[in-house]
Amino acid sequence: MVLLDIKEGILRKFYKYIVIIVITLLIAVMYIYTYNNLVLEGKIDNTGFTIADIWIYCFRGKLIQVSNGISELPSAVYLLFQLIIAFVIGDYARKDYDSRARYIIVRTKSRISWIAGKMVWVWCALSTVYLCMLATLALVCIINLQGNIGCAINTELAYRITGVELANNCNTSVVFLKLLLMSYITSLALGSLQLMVSFIINSEVGYMMVVMVVILSAYIRNALCIGNAFMYVNTSYISGGIINPLHIIVVSCLVIMISNIILIKKFKRIDIF
């Protein structure tokens with residue numbers, strides 16, 4: 001079943017991943033433009049950049065400020081990536097259930113294996129998203145003379161991009177890998193939540209649920225609002241950060257577990273005929 005889901009939900013939906021690649025490429029170009037301007041203005045040395053530097057730029061987010069009672073809007077890049085990821089999950093699982101799931105379940109005599117296959121599909125789909133993003137950034141670093149493939153973060157560059165300094169005496173490669181892991185696990189949590197709501201209510205509400213979590217996270221700096229995982233200026237891996245990434249990972253794992261348990265219990269009671 002999982003192989004069928006990969007074929008139907010990923011390979012045949014390849015255009016969604018092309019969108020991811022194009023958006024990542026456009027943001028990488030924006031980053032290179034920003035980098036060159038900083039070099040020309042003499043604000044940083046022309047030491048080059050890595051995949052980690054562009055990744056920080058993509059997921060930097062921003063601290064929302066309120067002036068005269070008017071709040072700023074969240075980062076467009078922050079919102080764009082998360083909405084696209086929700087678009088990748090989309091309504092495939094629900095449509096598959098409404099079309100051929102009944103016949104598969106009757107033939108295999110197992111509801112759990114079918115819904116478990118959809119859970120694994122979510123993981124595979126989101127893993128493909130991250131692989132597409134990282135592969136695109138690696139290609140940019142290979143093509144651009146100033147880029148190099150690596151995980152080390154240019155601390156001076158990160159300060160200019162995010163406005164805050166990395167913690168002293170830290171291994172920047174480890175920091176990047178931890179930030180990447182935090183984002184990935186949180187994406188899995190949002191994907192699991194979207195899948196659960198799609199089955200309990202409908203796909204549109206599932207998408208709206210993810211949008212709500214992402215927008216609330218831009219204004220509420222708390223680990224319970226797991227969207228903060230995609231705004232690195234809020235995390236304590238960066239000096240002055242507000243949220244401990246470990247807390248977000250724990251909350252995200254709980255969201256994955258609870259969403260899957262609720263989905264399995266609900267699916268067991270669904271009348272498939």
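Colleague: Leaving aside neighbours within four places in sequence, which residues is I21 in contact with?
Modeller: This is a predicted model, where local features need pLDDT of at least 70, side-chain atom pairs count only at pLDDT 80 or more, and totals for chains, interfaces and linings use all residues. Residues are numbered from 1 along each chain as its sequence is written, and side-chain values use heavy atoms, leaving out hydrogens and water. I21 sits in helix α2 (residues 14–40), helices being DSSP runs of H or I with at least four residues, numbered from the N terminus. Counting heavy atoms within 4.5 Å as contact, its partners are C132 and T136.

Colleague: How far apart are the C-alpha atoms of I21 and T136?
Modeller: Along the chain, 115 residues separate I21 and T136. Their C-alpha atoms are separated by 6.3 Å.

Colleague: Is I21 buried or exposed, or in between?
Modeller: Buried means under 20% relative accessible area and exposed over 50%, with partly exposed in between (1.4 Å probe, protein chains only). I21 has a relative accessible area of 34%, so I21 is partly exposed.

Colleague: How is α4 oriented relative to α6?
Modeller: Axes here are lines fitted to C-alpha atoms over the stretch in contact, and angles run from 0 to 180 degrees between N-to-C directions. Helix α4 (residues 76–89) packs on helix α6 (residues 111–143) at about 135 degrees, with the axes 10 Å apart. That makes the arrangement oblique.

Colleague: And how do α8 and α10 lie to each other?
Modeller: Under 35 degrees counts as roughly parallel, over 145 as roughly antiparallel, 65 to 115 as roughly perpendicular and the rest as oblique. Helix α8 (residues 172–200) and helix α10 (residues 245–269) cross at roughly 25 degrees, their axes coming within 8 Å. The pair is therefore roughly parallel.

Technical notes
Helix = DSSP H or I, 4+ residues; strand = E, 2+ residues; numbered from the N terminus.
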